[in-house]
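Me: I have a model on my screen and would like to talk it through, one point at a time. Here it is.

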Amino acid sequence: MKKSKILILSVCLASILIGATLGTFAYLTSQDTVVNTFTVGDVEITLDETKVTADGKPVENAERVKENNYHLVPGMTYTKDPTLTVVKGSEEAYVRMLIKVNCLKELDEIFAPSGAELTSIFNGFDGSKWVYQTEVRNETENTVTYEFRYINKVTALENADIVLEPLFNSITVPAFFDRDDMKAIADLEIVAVGHAIQAGGFENAQTAWNSFDQQMN
């Protein structure tokens with residue numbers, strides 16, 4: 001009996017010693033956290049022009065508009081200044097403008113035999129800012145579209161829009177147009193369309209615009 005009590009007491013004492021020893025351990029530890037916060041980029045532009053009267057004169061103190069209506073007369077010049085704005089906070093972007101003109105067949109006949117080359121009626125075009133690329137004729141739609149690209153990538157400011165130079169500032173109706181010519185283009189429209197695409201991720205402007213056109217089509 002005494003041996004059993006002694007054995008039990010020894011086991012209990014050993015347990016106490018082991019517990020006391022483990023309680024004195026102090027491990028060297030450290031902890032850190034990395035939190036990744038992602039924001040979403042964007043590219044945004046606006047396109048407008050000076051508000052004018054039917055004879056192409058600017059309306060004083062008027063806000064810029066998306067559309068004007070003109071009463072055309074041969075030899076007259078009309079204010080038209082399509083202007084692109086890159087909205088604040090936009091990512092660095094390539095920018096271009098398309099000018100689409102209808103009545104292509106009628107204009108080709110008027111400008112025969114060379115055909116219509118309507119960039120000649122755009123006044124104030126600055127080739128150091130905008131680069132003329134090409135024209136695309138669409139016989140089905142009876143339209144011709146001229147493509148111009150802004151010479152540099154555009155980086156918007158965080159707190160302010162970037163207003164680019166107008167593509168041109170006016171148009172002139174050729175003086176040789178006669179009454180029949182004017183009747184033939186009675187439904188003439190000159191439509192400006194602005195495009196922008198992020199510059200990041202593309203090797204150059206051509207690669208970017210190829211991707212833009214593929215996506216849009």
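**Folds, cores and a pocket**

Me: Which is Asn-61, buried or exposed?

Reply: The relative accessible area of Asn-61 is 77%. Buried means under 20%, exposed over 50% and partly exposed in between, with a 1.4 Å probe and protein chains only. At 77%, Asn-61 is therefore exposed.

Me: Good start. At what pLDDT do side-chain atom pairs count?

Reply: Residues are numbered from 1 along each chain as its sequence is written, and side-chain values use heavy atoms, leaving out hydrogens and water. This is a predicted model: local features need pLDDT of at least 70, totals for chains, interfaces and linings use all residues, and side-chain atom pairs count only at pLDDT 80 or more.

Me: How many helices and strands does the protein chain have?

Reply: Helices (H or I, at least four residues) and strands (E, at least two) are DSSP runs, numbered from the N terminus. Along the sequence, the pattern is α-β-β-β-β-α-β-β-β-β-β-α-β-α. The count for the protein chain is 4 helices and 10 strands.

Me: Back to Asn-61: what is its phi?

Reply: Most residues other than glycine have a negative phi, and most peptide bonds are trans. Asn-61 sits in the loop between strand 1 and strand 2 (77-79). Although not a glycine, Asn-61 has a positive phi of about 65°.

Me: Cys-103 has a positive phi too. Is Cys-103 buried or exposed?

Reply: Cys-103 is not a glycine either, and its phi is about 60°. The loop between strand 4 and helix 2 holds Cys-103. Because its relative accessibility is 7%, Cys-103 counts as buried.

Me: Which two residues does a cis peptide bond join?

Reply: Look at the loop between helix 2 and strand 5 (122-123), where Pro-113 lies. A bond with omega of about 5° is cis, and it joins Ala-112 and Pro-113.

Me: Which residues touch the most other members of the largest nonpolar core?

Reply: A nonpolar core is a set of buried Ala, Val, Leu, Ile, Met, Phe, Trp, Tyr and Cys residues joined through side-chain atoms within 4.5 Å. The largest one has 34 residues, and those touching the most other members are Val-95, Ile-99, Leu-107, Leu-118, Trp-130 and Phe-177.

Me: Which elements each supply at least two residues of this core?

Reply: Among them is a helix, helix 2 (104-110).

Me: What is Val-95 in contact with, beyond its neighbours within four places in sequence?

Reply: Contact means heavy atoms within 4.5 Å. By that rule, Val-95 touches Leu-84, Val-86, Trp-130, Arg-149, Tyr-150, Val-154, Leu-164, His-195, Ala-196 and Trp-209.

Me: Which strand is Thr-145 found in?

Reply: Thr-145 is buried, with a relative accessible area of 18%. Leaving aside neighbours within four places in sequence, its contacts are Leu-98, Ile-99, Lys-100, Thr-134, Glu-135 and Val-136. Thr-145 belongs to strand 7.

Me: What is the strand order of the open sheet of 3 strands?

Reply: Its edge strands, each pairing on one side only, are strand 2 and strand 5. Strand 2 and strand 9 (residues 170-172) are antiparallel over 3 bridges. The order is 2-9-5.

Me: What is the volume of the largest pocket?

Reply: On a 1 Å grid over the protein atoms alone, a pocket is an open set of points where a 1.4 Å probe fits, with protein on both sides within 12 Å along at least five of seven lines; lining residues have an atom within 4 Å of a point. Points are joined across faces, edges and corners, and the volume is the space filled by probe spheres set on them. For the largest pocket, that comes to about 590 Å³.

Me: Which of its 22 lining residues are the closest to its centre?

Reply: Strand 10 gives the largest share of the lining, 3 residues. The closest to the centre are Asn-68, Tyr-70, Leu-188, Glu-189 and Ile-190.

Terms used: Two strands pair if DSSP finds at least two bridges between them.
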